[in-house]
Amino acid sequence: MAVTIDLSGKVALVTGAGRGIGKACALKLAEAGAKVAVNYNSSETAAQEVAQAITQAGGEARTVQADVGQAEAVDAMIGGLVKDWGRVDILVNNAGITRDNLMMRMSQDEWDAVLDTNLRSAYFTSRAVLRQMLRNRWGRIVSISSVVGLTGNAGQANYAAAKAGLIGFTKSLAREVGSRNITANAVAPGFIETDITAGLPETLKAEMLKTIPAERYGQPEDVANVVLFLVSDLASYVTGQVVNADGGMVMY
């Protein structure tokens, strides 16, 4: 008998969902039956294309603009979703940017921009959805971290700090809300082929490939499949965990 995941009746919000991992998560959750809010900050056209793909496939979606690094914008976005759709059951904290630089050269703006978008945003979004998740006694929060948050990486102190912070945030949140049928987990992707990695030198990509036992780069769908599992009832007893989606790049 085939095992299927049915998210019918659930409302999902995916931040930074216009491309890459966020796009794959939005499409995957919609395919399972969830209504999906496709969040974007500045990439309106890309977000609209994701929402249109969902509706054309028979699902229900809407785009929601907000800089998730700003509390007021997040509260307004989620307040609008709850008003129109009644609830937010699933939150995928995916929004992220990079501003790579060596620590000696890293500006405060480069540090602040990455921490605001990649880490502070998860605090704002999770806080905003928790009240009604607690009331409904059901919720799923998944934050997209990175293997860099586990290992560190030269030239990415800001990014690694934010992604490591998401892991600590996730574990603490899981302890707070676990008794209310709300789970909080993190996914740590490895080398995933997205816009962020597309600009890397081919020599560097080749070297990184040697470190992956699966002998291939990951695809956004590889991460989205893990997210789909974690937000489903199949994972109702999984919380406070970090699931690596990295082809075996990092083992611990």
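**Rings and surface in a predicted model**

Colleague: Why is Tyr123 called partly exposed?

Modeller: This is a predicted model, and its Tyr123 has 39% relative accessibility. Buried means under 20% and exposed over 50%, so at 39% Tyr123 counts as partly exposed.

Colleague: What makes Phe124 count as buried?

Modeller: Phe124 has 8% relative accessibility. The cut-off for buried is under 20%, so Phe124 counts as buried.

Colleague: How do you know that Tyr123 and Phe124 form an aromatic pair, and why is the pair called tilted?

Modeller: The centres of Tyr123 and Phe124 are 5.1 Å apart, and rings pair if their centres lie within 6.5 Å. Their planes are at 40°. Stacked needs under 30 degrees and edge-to-face over 60, so this pair is tilted.

Colleague: How many aromatic pairs does the structure hold?

Modeller: The structure holds 2. Phe191 and Tyr217 also form a pair, with centres 4.7 Å apart and planes at 40°, so this pair is tilted.

Colleague: Why do you say that the pair of Phe191 and Tyr217 ties parts together?

Modeller: Phe191 lies in the loop between strand S6 and helix H7, and Tyr217 in the loop between helices H8 and H9, so the pair ties together parts that are 26 residues apart in sequence.

Colleague: Why is Tyr217 called buried?

Modeller: Tyr217 has a relative accessible area of 18%, and buried means under 20%, so Tyr217 is buried.

Colleague: How do you know that Lys10 lies over the face of Trp138?

Modeller: Lys10 is at 3.7 Å from the ring centre of Trp138. The cut-offs are within 6 Å of the centre and within 35 degrees of the ring normal. Lys10 is listed as lying over the face of Trp138.

Technical notes: Residues are numbered from 1 along each chain as its sequence is written. This is a predicted model: local features need pLDDT of at least 70, side-chain atom pairs count only at pLDDT 80 or more; totals for chains, interfaces and linings use all residues. Side-chain values use heavy atoms; hydrogens and water are left out. Rings of Phe, Tyr and Trp (its six-membered ring) pair if their centres lie within 6.5 Å; planes under 30 degrees apart count as stacked, over 60 as edge-to-face and the rest as tilted. Buried means under 20% relative accessible area, exposed over 50%, partly exposed in between (1.4 Å probe, protein chains only). Helices (H or I, at least four residues) and strands (E, at least two) are DSSP runs, numbered from the N terminus.
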